[in-house]
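Here is a short briefing for a first look. Keep the sequence and the 3D view open while reading.

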Amino acid sequence: MVEHLHYDVAVILMMTGLYIAIASSNLVKKLMGLGLFQTSVLLLYIAAGWVKKSVPPILRDEAGAVYASPLPQVLMLTAIVVGVATLAVGLALVIRLHGAYGSLNELEIADADREDNA
C-alpha cells in the first residue's frame with residue numbers, strides 16, 4: 001500500500017482537479033482545477049519513471065549500478081513550461097472576459113453573450 005502511495009496521491013489530485021474544473025462556474029477556479037489536474041499528471045509520470053535504488057545517469061565506475069532514466073524528468077520539465085504558458089494565456093483571457101462582461105462566472109457571461117446576439 002505504502003509502496004504505491006504516490007500513485008494514489010496522483011489519482012486523488014487528478015480527480016479533485018477534474019471535479020473543480022467541472023463543478024465550478026468561476027473561470028479562475030476552473031483554471032486552478034486544470035492546473036491541479038496537470039500537476040497530478042506530472043506527478044504520475046515522474047512516479048512511474050522512478051527506479052528504486054537507482055543513481056543519477058552519470059557514468060561511474062560502480063559495477064552493477066542501476067541508472068535512472070532522465071527521460072521522464074526531461075519530458076515533465078517541458079510539460080511544466082508548456083503548462084505555465086497555457087495557464088498564463090488562460091488567465092489573460094479571463095482578465096479580458098472580466099473587462100468585457102464584468103464577471104468571472106461563465107453562466108453570467110453566456111447569458112450576457114446571448115442577450116448581445118439576440
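Lysine 30 is buried, because its relative accessible area of 16% falls under the 20% cut-off. The model is predicted. Lysine 30 also forms a salt bridge with glutamate 106. That pair links helix α2 to helix α4.

**Salt bridges**

- The structure holds two salt bridges.
- In the pair of lysine 30 and glutamate 106, the closest N and O atoms are 3.5 Å apart.
- Lysine 30 belongs to α2 and glutamate 106 to α4, so the bridge ties together parts that are 76 residues apart in sequence.
- Glutamate 106 is partly exposed, with 31% relative accessibility, whereas lysine 30 is buried at 16%.
- Aspartate 111 and arginine 114 form a salt bridge too, with 2.8 Å from N to O.
- Both aspartate 111 and arginine 114 sit in helix α4. They are three residues apart, about one turn of the helix.
- Aspartate 111 is partly exposed, at 38% relative accessible area.
- Arginine 114 has a relative accessible area of 54%, so this residue counts as exposed, the cut-off being over 50%.
- Side chains of opposite charge can pair when their charged atoms come close.

**Around serine 24**

- Serine 24 is in the loop between α1 and α2.
- Serine 24 is buried, with 13% relative accessibility.
- Beyond its neighbours within four places in sequence, serine 24 contacts Tyr19, Lys29, Lys30 and Glu106.

**How α2 and α3 pack**

- Helix α2 covers residues 27–48, and helix α3 covers residues 71–101.
- Their axes come within 10 Å and cross at roughly 175 degrees.
- Angles over 145 degrees count as roughly antiparallel, and α2 and α3 are therefore roughly antiparallel to each other.
- On the α2 side, the contact is made by Leu27, Val28, Leu31, Gln38, Leu42, Tyr45 and Ile46.
- On the α3 side, the contact residues are Pro72, Met76, Ala79, Ile80, Gly83, Leu87, Gly90, Leu91, Val94 and Leu97.

- Val11, Met15, Leu18 and Ile22 make a nonpolar surface patch of about 370 Å².
- Methionine 15, one of these patch residues, lies in helix α1, which spans residues 5–23.
- Methionine 15 is partly exposed, at 43% relative accessibility.
- Aspartate 8 is in helix α1 as well.
- Aspartate 8 has 31% relative accessibility and counts as partly exposed.
- From aspartate 8 to lysine 53, the C-alpha atoms are separated by 21 Å, and the two residues are 45 apart along the chain.

**The loop between α2 and α3**

- Valine 66 is found in the loop between α2 and α3.
- Valine 66 is partly exposed, with a relative accessible area of 40%.
- Leaving out neighbours within four places in sequence, valine 66 is in contact with Val51, Lys53, Ser54 and Val55.
- Asparagine 105 is 39 residues from valine 66 in sequence, and 52 Å from valine 66 in space, C-alpha to C-alpha.

**Alanines of helix α4**

- Helix α4 covers residues 106–117 and includes alanine 110.
- Alanine 110 is partly exposed, at 28% relative accessible area.
- The C-alpha atoms of alanine 110 and valine 81 are separated by 31 Å. The two residues are 29 apart along the chain.
- Alanine 112 is partly exposed, with a relative accessible area of 23%.
- Alanine 112 and tyrosine 101 are 7.3 Å apart, C-alpha to C-alpha, with a sequence separation of 11 residues.

Methods:
Residues numbered from 1 in each chain as written. Predicted model: local features only at pLDDT ≥ 70, side-chain atom pairs only at ≥ 80, totals over all residues. Heavy atoms only, no water. Patch = residues over 30% accessible without salt bridge, like charges linked within 9 Å, V, L, I, M, F, W, Y side chains within 5 Å. Areas by Shrake-Rupley, 256 points an atom, 1.4 Å probe, with all protein chains shown as cover. Salt bridge = Lys/Arg side-chain N within 4 Å of Asp/Glu carboxyl O. Helix = DSSP H or I, 4+ residues; strand = E, 2+ residues; numbered from the N terminus. Buried < 20%, exposed > 50% of the residue type's maximum accessible area, 1.4 Å probe, protein only. Axes fitted to C-alpha atoms, helices over the stretch in contact; angles between N-to-C directions. Parallel < 35°, antiparallel > 145°, perpendicular 65-115°, else oblique. Contact = heavy atoms within 4.5 Å.
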